[in-house]
Amino acid sequence: MENEMELTIMRLITAAGDARSLAMQAIRAARAGHLDEADALMIECDKKMVDAHQCQTGLIFAETNGSPVPITLLMVHAQDHVMNAMTVKDIAGEMIEMIRAATPEEKPWK
């Protein structure tokens, strides 16, 4: 079970790290005037965040079903990655919208 837990935590770190990187790429694309590319990157960012949240949900369900999740440095690191990814994603969305302000349109990402 410990190996499975570590794999889930590593999947969480990877998904969150990828989401953060995609959000940063989206900011750079928007800043360069490539708003369609920025939107596509934010859609990919959303997909990675869903993966991260699924990992978290699995860990939460395990704990609520009697399998406590140990608070290790690796778990703290994973949660840090998730929070950073969420923050960068939110800020990226706001920055892209500021850049797009002259031509408001519905965004295809959450």
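**Entry 1: α2 against α3**

I started with a crossing: α2 and α3 cross in a left-handed way. For my own notes, left-handed means the near helix is turned anticlockwise from the far one by less than a right angle, and right-handed means clockwise. Helices here are DSSP runs of H or I with at least four residues, strands are runs of E with at least two, and both are numbered from the N terminus.

Before going on, I noted that this is a predicted model, where local features need pLDDT of at least 70 and side-chain atom pairs count only at pLDDT 80 or more, while totals for chains, interfaces and linings use all residues. Residues are numbered from 1 along each chain as its sequence is written, and side-chain values use heavy atoms, with hydrogens and water left out.

Next I looked up how the pair is arranged. Two packed helices are described by the angle between their axes and the distance between the axes. Helix α2 covers residues 35-64 and helix α3 covers residues 73-100; they pack at about 155°, and their axes are 11 Å apart. That angle makes α2 roughly antiparallel to α3. The axes are lines fitted to C-alpha atoms, for helices over the stretch in contact, and the angles run from 0 to 180 degrees between N-to-C directions. The cut-offs I wrote down: under 35 degrees is roughly parallel, over 145 roughly antiparallel, 65 to 115 roughly perpendicular, and the rest oblique.

Which residues of α2 and α3 meet? On the α2 side I found, among them, L35, M42, C45, M49 and L59. On the α3 side the list includes M75, V82, M86, G93 and I96. Contact means heavy atoms within 4.5 Å. By class, the residues of this contact are 13 nonpolar, 4 polar and 4 charged. Here Ala, Val, Leu, Ile, Met, Phe, Trp, Tyr, Cys and Pro count as nonpolar, Asp, Glu, Lys and Arg as charged, and the others, Gly among them, as polar.

**Entry 2: M42**

I picked M42, which sits in helix α2. Is M42 buried or exposed? M42 counts as buried because its relative accessibility is 0%. The cut-offs for relative accessible area are under 20% for buried, over 50% for exposed and partly exposed in between, with a 1.4 Å probe and protein chains only. I also checked M42 against G93: they are 51 residues apart in sequence, and their C-alpha atoms are 7.9 Å apart in space.

**Entry 3: α1 joins in**

I then went through the pairs with α1. Helices α1 and α2 pack at about 160°, with axes 8 Å apart. This makes α1 roughly antiparallel to α2. Their crossing is left-handed. I noted 20 nonpolar, 4 polar and 6 charged residues in this contact.

How are α1 and α3 placed, parallel or antiparallel? They pack at about 20°, and their axes are 8 Å apart. So α1 and α3 are roughly parallel to each other. The crossing of α1 and α3 is left-handed. Their contact has 21 nonpolar, 4 polar and 3 charged residues.

**Entry 4: the core**

In soluble globular proteins, nonpolar side chains tend to be buried together. I looked for that here. A nonpolar core is a set of buried Ala, Val, Leu, Ile, Met, Phe, Trp, Tyr and Cys residues joined through side-chain atoms within 4.5 Å. The largest one has 30 residues, and I9, L12, L59 and I96 touch the most other members. Each of α1 (2-31), α2 and α3 gives at least two residues to this core. The largest share, 13 residues, comes from α1.

I9 is in helix α1. With 4% relative accessibility, I9 counts as buried. Neighbours within four places in sequence aside, I9 contacts L59, L74, M75 and A78.

A19 counts as buried at 0% relative accessibility. Not counting residues up to four places away in sequence, A19 touches C45, K48, M49 and A85.

**Entry 5: the whole chain**

Last, I zoomed out. The chain has 3 helices and 0 strands. Its C-alpha trace spans about 50 × 20 × 15 Å along the principal axes. Of the 110 residues, 35% are buried. Among contacts with a separation of 6 or more, 77% are between residues 24 or more positions apart.
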